[in-house]
Amino acid sequence: MTAEKKPAAPGNGAINKRKLEERRRFLRTMILGAAVLGISTLGYIPVASAWRMRMRPPGALEEADFLSSCIKCGQCVQVCPVQAIKLDDLDQGFGVGVPYIDSRQQACDFSCDAVQCILACPTGALVYKKPAFMASRSEMKVANPPILLAKEKDPEPTLNLKERTGLARLARPDACLAVQGKGFKGAARGGDFKGTMRFIEVDRWKPIPLKDHPFDLALCDLCVRTCPIKGAISLEAVVDINGIKRMTPTVHEPCLGCGVCEMVCPVESAAIVVDPRKGWGA
Amino acid sequence: MMANKYFESVRVMLGGEPRKPEPAEYTEEAKAIHFYKKTETLDFIALKKEARAHQKKAKWLKRRWTALLAINLLFVVSFWLDIQILEGALTASRMLGFHLIDLNSALQVMLAHKHIIVNLLIGTGTVFVLWLLLGGRTFCSWVCPYHFLAENAERLHVWLVEKKKITDHAFHRGVRAVFWVLFALMAILTGYTVFETISPTGIVSRALIYGPGLALGWVGLLLLFEVFYSRRAWCRYVCPIGLTYGFVGVFSPLHVTYRLADCHHEGECRRVCEVPHVLDCVIKGRAPDAQLDIGADCTRCGMCIDVCPSGALAFEIKGLRKIM
């Protein structure tokens, strides 16, 4: 326990016990250091391999900047009215505790009207407008301020967002009910689906379970009619290779990648999906 | 002399061995007390039993656990019941709208991201002032949920050592300062908040609020390591959060104070202390002054106060002594 350094034992072969214990402790400490550093850097593997590309909340910085700036507090999770935002686990490495959205389970339908998650973020990982020096890609920028259909008649109908977080894509046109010319009747995702959504004709301020809002459509256009953004998606008559005209969901430039179309798509797995971090025309 | 005291406190916190003061450093008053102690013939055992009988058992432990559990519970119910009093997690939160940001998490983000927004600065400043007043590492023992798990694991560890089932393995305390620098460097160089990935403080706090996950497995491994191999290893040798708050606590007015005249030098306090090097002055003949402030690495947990049979240790707010 004392601090004084005793001189080394005279060279008669006697083992200085104190010295030995000190040497052991030094070795142990080196091993501890190496082990903690090794374990902490393991977190880089899932990030480097991008083994699960995540959909981030609206206003997220580019992935590398987002991971460096997120303080992993979950305040964005707490303000989301539809609980779309979840926090990642340790299998995401450095992404542990970082928010993501699983659109198929619960998409962001902008039912907060004001992108509250951005307002809640204390570190600027989610922003209304990126600082000029922050990394950004031109294909992520939206051409015009996005108009939220739910408040189209308000004096200020736009969402304060300058960039999209992803882009919708008709991944399986063969499975799409509209392409097949089929209609749809019932709850979009069945009676067990837990996802919620705001329907302006039901209650502007209260999202309701998707299963409580059944549809009866001669031609399925769920992705088009539930899309919260004006002009982001429409059904277009497309002539296929056999010369047959088919109604096809077509994504347009205003798409923000919110994922509502992916959530409501009634076929399993979804015919339309959102590609995280993908820009327009890229 | 004053500057020297702070320097010494930081040196020991960074891993330096506490040293016996030079003869010139002892005050006349301290010298006199040490001298009388040599001639004292009181029955310490009888005195101790007497004191124990009148002592409130684990007074500070009860207060501290109540505070720790209440703070963490407030985070949980704020989200679950949507009462919005304390929103977020320990890394960053809002109390009734005011930003509060953990100093070490903020540091990691600032170093990794290299861009600081106003809210981050406000939250960090608020928390800095808060812990400057409340004693820096007070955060560890009064707030950190991992500390709560670790101190209970520690009881198990100490019991196993007493039963001779296991032996304790100490590391060099200086490694915590090395870790602090390495985690800072990694944040700067990689651009990722590497420490946050393995921080049990953040992991446990988020698990309480947002639900458990795989990350708790890592916390479990740490606890097993502490139970069976090395006492309080994470807090003592690794955690940079503790060191960050330790620096804040260097100049804090709230600390544990030691009165030489009341001390019987039994060393009970050092046995229960997470950071016994700060209590080096209680060893017979070591205290250079009649009353001393315990150093910056002290977590202000109050365990030493609870076990001290003679009331030689107490919480004190600096300046208050002079005013009153």
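**View 1. Helix α6 of chain B lies across two strands of a sheet.** In this predicted model, α6(B) lies across β2 and β3 of chain B and runs at about 75° to β3(B). The strands β2(B) and β3(B) are part of an open sheet of 3 strands, ordered β1-β2-β3 with antiparallel pairing. At the edges of the sheet are β1 (86-89) and β3 (98-101) of chain B, each of which pairs on one side only. From one strand to the next, the twist averages 15°.

**View 2. Strands β1 and β2 of chain B are joined by bridges.** Strands of a sheet pair through backbone hydrogen bonds, in either a parallel or an antiparallel manner. Here β1(B) and strand β2 (residues 92-95) of chain B run antiparallel and are joined by 4 bridges. Within this part of the sheet, B:Leu86 stands opposite B:Met95, the latter belonging to β2(B).

**View 3. Domain 1 and domain 2 of chain B are in contact.** The domain assignment divides chain B into domain 1 (64-247) and domain 2 (253-324), and the centres of these domains, taken over C-alpha atoms, are separated by 25 Å. Across the boundary, 14 residues of domain 1 of chain B are in contact with 12 residues of domain 2 of chain B. On the domain 1 side, the elements that give two or more residues are α6 (118-134), α7 (138-142) and α13 (233-238) of chain B, and the largest share, 3 residues, comes from α7(B). Sorted by class, the side of domain 1 of chain B that touches domain 2 of chain B has 4 nonpolar, 5 polar and 5 charged residues. The helix α6(B), named here as a contributor to that side, is the helix that lies across β2 and β3 of chain B in the opening view.

**View 4. Chain A and chain B meet in a contact between the chains.** The contact takes 37 residues from chain A and 49 residues from chain B. On the side of chain A that touches chain B, α1 (17-42), α3 (63-69) and α4 of chain A each supply at least two residues, with the largest share, 11 residues, coming from α1(A). The residues of this side of chain A divide into 17 nonpolar, 14 polar and 6 charged.

**View 5. A cis peptide bond is found in a loop of chain A.** The bond joins A:Glu268 and A:Ser269, with an omega of about -10°. A:Ser269 has its place in the loop between α7 (260-264) and β10 (272-276) of chain A.

**View 6. A:Gln83 has a positive phi in a loop of chain A.** Although A:Gln83 is not a glycine, its phi is positive, at about 50°. The residue lies in the loop between α4 (75-79) and β1 (85-87) of chain A. A:Gln83 is partly exposed because 14 other C-beta atoms lie within 10 Å, a count between the limits of 12 or fewer for exposed and 20 or more for buried.

**View 7. B:His265 has a positive phi in a loop of chain B.** B:His265, which is likewise not a glycine, has a positive phi of about 55°. The loop that holds B:His265 is the one between β4 (254-259) and α15 (268-272) of chain B. With 16 other C-beta atoms within 10 Å, B:His265 is therefore partly exposed.

Definitions and conventions:
Residues numbered from 1 in each chain as written. Chains lettered and ligands numbered in written order. Predicted model: local features only at pLDDT ≥ 70, side-chain atom pairs only at ≥ 80, totals over all residues. Domains from an automatic or database assignment. Contact = placed C-beta atoms within 7 Å. Nonpolar A, V, L, I, M, F, W, Y, C, P; charged D, E, K, R; others polar. Pairing = 2+ DSSP bridges. Axes fitted to C-alpha atoms, helices over the stretch in contact; angles between N-to-C directions.
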